[in-house]
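Visitor: Could you take me through how the two chains of this model meet?
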Amino acid sequence: MGLILHIGNTALTTLLDVLPIVAVLFLFQFLVIRQPPPHLGRIAVGFLYVLGGLTLFLVGLEEALFPVGETMARQLTDPAFIYGGGPVPAQPVWTDYLWIYVFAAAIGFATTVAEPSLIAVSIKANEISGGVVGAWGLRVAVAVGVAAGVAIGAFRIVTGTPLPYYIMAGYVVVILQTLKAPRLIIPLAYDTGGVTTSTVTVPVVAALGLGLAAAVPGRSPLLDGFGLIAFASVFPIMTVLGYTMIAAWMRAWKKPAGPADPSRKETAE
Amino acid sequence: MAVIQGLLRLLVDAARDMLPIVLVIGFFQVFILQQPFPDVAGILVGLVCVVVGLALFVQGLEMGLFPLGESLAQAFARKGSLWALLAFAFCLGFGTTVAEPALIAVAAEAAQVASEAGAIAATDEARKSYALGLRFTVGLSVGAALILGVFRILKGWSLPLMIIGGYGLVILLTTVAPPEIVGIAYDSGGVTTSTITVPLVTALGVGLASVIRGRNPMLDGFGLIAFASLTPMIFVLVYGMIV
C-alpha cells in the first residue's frame with residue numbers, strides 16, 4: 001500500500017515539475033507557431049511515457065537505492081568505522097580515508113552510467129554523428145570522469161584545501177585539451193559536464209559530501225560540504241576530450257601499419 | 001512481435017544500466033561494512049520499478065521529447081522571427097529552472113551558509129528572501145544562457161572561445177566574491193539542468209543547427225547545456241557580491 005501511495009505522490013511532484021515546461025510549450029505553440037507539431041498524438045504518448053517512466057524510476061530509487069546509499073555514505077564516514085573505535089586524531093590524515101575515495105569513485109561511476117539525461121544526450125550524439133560517437137563509449141568516458149572527480153573532491157574535503165584551486169586547475173587542463181582535441185567533439189564534451197549531475201548522482205554524492213564534511217575533524221558541512229557536484233561537472237569534460245584524443249592518436253599511429261578498420265570499437269583509456 | 005522484442009531490448013538495456021549501482025552498493029554493504037541488507041524484498045521491488053521506469057523513459061524520449069524539440073526548432077526557423085525564438089529560449093530556461101527541486105534544496109542550504117557567515121541577518125525572514133533571490137538569479141542565468149546559446153547557433157560563433165572566456169570570468173569573480181558563496185556557486189552550475197530539460201534543449205539545439213544552412217549539428221548543435229552550467233556560476237558569484 002505504501003508503495004502505491006509513494007508512486008502517486010511522486011507522480012504528482014513530477015507532474016508539477018514539468019508543468020512550467022508544458023506551459024511554456026503551449027504558450028509559444030498557440031501564440032507564435034499557431035500550428036500543431038506533426039504526429040501530435042505520438043508526441044503526447046511519448047510525453048506520458050517520460051512522465052510515467054521518470055515517476056517509477058524515482059520511486060524505485062527512493063525505495064531501493066537512496067536509503068542504502070545514504071546510510072552507506074554515513075557509515076563509511078563515521079569515525080567509529082574509520083578509526084575502528086580507536087582515538088580520533090585532531091588533525092585528519094588523508095590516508096585514513098582510503099575506503100571513502102574508493103567508494104566515491106565507484107558510486108560516482110555507477111550513478112553516472114544510470115543517469116537518464118546522459119542516456120538521452122548519448123543517444124542524440126550517436127544519431128547525429130552517424131554512429132562515430134558510440135553511445136556506450138561516451139557514457140563510460142563520462143562516468144570515468146565523474147568517478148575521478150568525486151574521488152578527488154572527497155580528498156579535498158578531507159584535506160580541507162581550497163576548492164577554487166582544484167576547479168581552476170581543471171579549467172586549465174580543459175583549455176589545453178581544447179587546443180589539441182578533434183574539433184567536432186568539443187561542444188559535446190562541454191555539454192556532458194552539465195548533464196552528468198542529475199537525478200541519480202546529485203542525492204548520493206551530496207549525501208557523501210555533507211556526511212564526510214560532518215565527520216572529518218575540523219571540517220564544517222556548511223562550508224566544506226559543497227563542491228563535489230562542481231568536481232563531477234568539470235572532470236567528465238577532461239575524460240571525454242581525453243578519450244577522443246587517445247582514439248585519434250591511436251588511429252593516426254595505426255594508419256602506417258595497415259588500413260584502419262573504421263568499425264573497430266575503441267575501449268576507454 | 002516486434003513491439004515485444006523492442007520492449008524486451010529496452011528492459012535489458014535498463015537493467016544493464018542499473019547493474020553497476022547494484023554491484024557497488026552490494027559490494028560495500030557485504031564486504032566493507034559487513035552488514036546484511038535491511039529489507040531485501042523492498043529493495044527488489046524498488047529495482048524492478050527503476051528498470052521499468054528507465055525503459056519507459058528512454059522509449060518516451062524517442063517518441064516524445066526528441067521529436068518535439070526538433071519540430072519546435074523547425075517551426076521557429078520557418079517562422080523566421082528571431083525575437084520569438086529568443087523569448088522562447090529564455091522562458092524555457094527560466095521556467096524550468098526556478099521550480100527545479102534540486103535548486104530549491106541548494107538555495108535553502110546556501111541561505112543557511114550565508115547567515116552563519118554573517119552576510120545576512122540570522123532570521124527566517126532574511127534566509128527565505130535570500131534563498132528566493134538566489135533561485136531567481138539562477139533562473140535568470142539559465143534563461144540568459146539559452147538566449148546566448150541559441151544566438152551562437154544562429155551566428156555560428158565558436159563555442160570554445162565563449163566557454164573559455166566564461167571560465168576566465170568565473171576565475172576573476174572567484175578572487176573578489178565572498179569565500180562562503182564560492183562552493184555554492186560552483187555547485188549551482190551542475191544542479192540546474194533537469195532530466196526533462198536536457199533532452200528537450202539538446203533536441204532544440206541540434207534541430208536548429210540542422211535546419212539552418214551552413215551549420216553543423218555536431219559542431220553547432222551541442223553547447224546549450226554547457227552555457228546553462230556556466231552562467232549560473234557567474235550569476236551566483238555576482239549575487240554573493242551584491243547581497
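Guide: The side chains of Arg139(A) and Asp17(B) meet in a salt bridge, the term standing for a side-chain nitrogen of Lys or Arg within 4 Å of a carboxyl oxygen of Asp or Glu. This is a predicted model, in which local features need pLDDT of at least 70 and side-chain atom pairs count only at pLDDT 80 or more, while totals for chains, interfaces and linings use all residues. Residues are numbered from 1 along each chain as written, chains are lettered from A and ligands numbered from 1 in the order written, and side-chain values use heavy atoms, without hydrogens and water.

Visitor: How many salt bridges does the rule find across the interface of chain A and chain B?
Guide: The pair Arg139(A) and Asp17(B) is joined at 2.7 Å, N to O. Across the interface of chain A and chain B, the number of salt bridges that the rule finds is two.

Visitor: Which helix gives the most to the side of chain A that touches chain B?
Guide: Helices here are DSSP runs of H or I with at least four residues, numbered from the N terminus. With 23 residues, the element of chain A that gives the most to the side touching chain B is helix H2 (residues 40-77).

Visitor: How far apart do the C-alpha centres of domain 1 and domain 2 of chain A lie?
Guide: An automatic or database domain assignment supplies the bounds, dividing chain A into domain 1 (1-64) and domain 2 (77-82 + 92-253). The distance between their C-alpha centres is 29 Å.

Note on methods. Helix = DSSP H or I, 4+ residues; strand = E, 2+ residues; numbered from the N terminus.
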